[in-house]
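Here's a quick briefing to read alongside the model. Keep the 3D view open as you go.

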Amino acid sequence: KQWYQRRVAITAGGTTSGRRVIIVDGKEVRNSGWQFKLVGKESFLIGKYRACVNIEASGLNYSYILEVDGKSLKRFVENRKKVCRTWLPRVSGNPHRIVLERDNLNVWLDGKRLDVMGEFTENGTETHFDVD
């Protein structure tokens, strides 16, 4: 699954419940309660990124369009692939996700930003951090 499929769930009730709930990383971040208008925009955060789901109606069908950081989801993912390097190592039998943001040299471990120690070498730079 893509990162956004693991992180974001959007549930929408019908005209009887009029409810719209957005869950990110297992936590409810938006609950509209009862509302008559079932189309429109809902804004929320996915980590540090502002996201917006646009809900549009076409007859009795609804479409949900996710934008992240002001870009379409496809464009956002393509951009992140350019700026990030991702590794999925197993350390002591436990799976981890390590992400290096090449534009600002931030290192993330399992979704949390790490304090890292960088040092210059003959071949470039080395970044040191611990994985518990």
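**A buried histidine and its surroundings**

A polar contact of 2.7 Å links the side chains of H96 and D110; such a contact is a pair of N or O atoms within 3.5 Å, where one must be able to donate a hydrogen and the other to accept it, and residues adjacent in sequence count only if both atoms are side-chain atoms. This is a predicted model, where local features need pLDDT of at least 70, side-chain atom pairs count only at pLDDT 80 or more, and totals for chains, interfaces and linings use all residues. Residues are numbered from 1 along each chain as its sequence is written, and side-chain values use heavy atoms, with hydrogens and water left out.

**Around H96**
- You'll find H96 in the loop between β10 (94–95) and β11 (98–101); strands are DSSP runs (E, at least two residues) and helices too (H or I, at least four), numbered from the N terminus.
- H96 counts as buried because its relative accessibility is 11%, and the cut-off is under 20% relative accessible area (1.4 Å probe, protein chains only).

**The core**
- F44, I46, A51, L66 and V68 touch the most other members of the largest nonpolar core, which has 13 residues; a core like this is a set of buried Ala, Val, Leu, Ile, Met, Phe, Trp, Tyr and Cys residues joined through side-chain atoms within 4.5 Å.
- β5 supplies the largest share of this core, four residues.

**Confidence**
- The chain's average pLDDT (the predictor's confidence in each residue, from 0 to 100) is 81.
- Confidence is lowest in helix α1 (residues 3–7), with a mean of 54.

Methods: Buried < 20%, exposed > 50% of the residue type's maximum accessible area, 1.4 Å probe, protein only.
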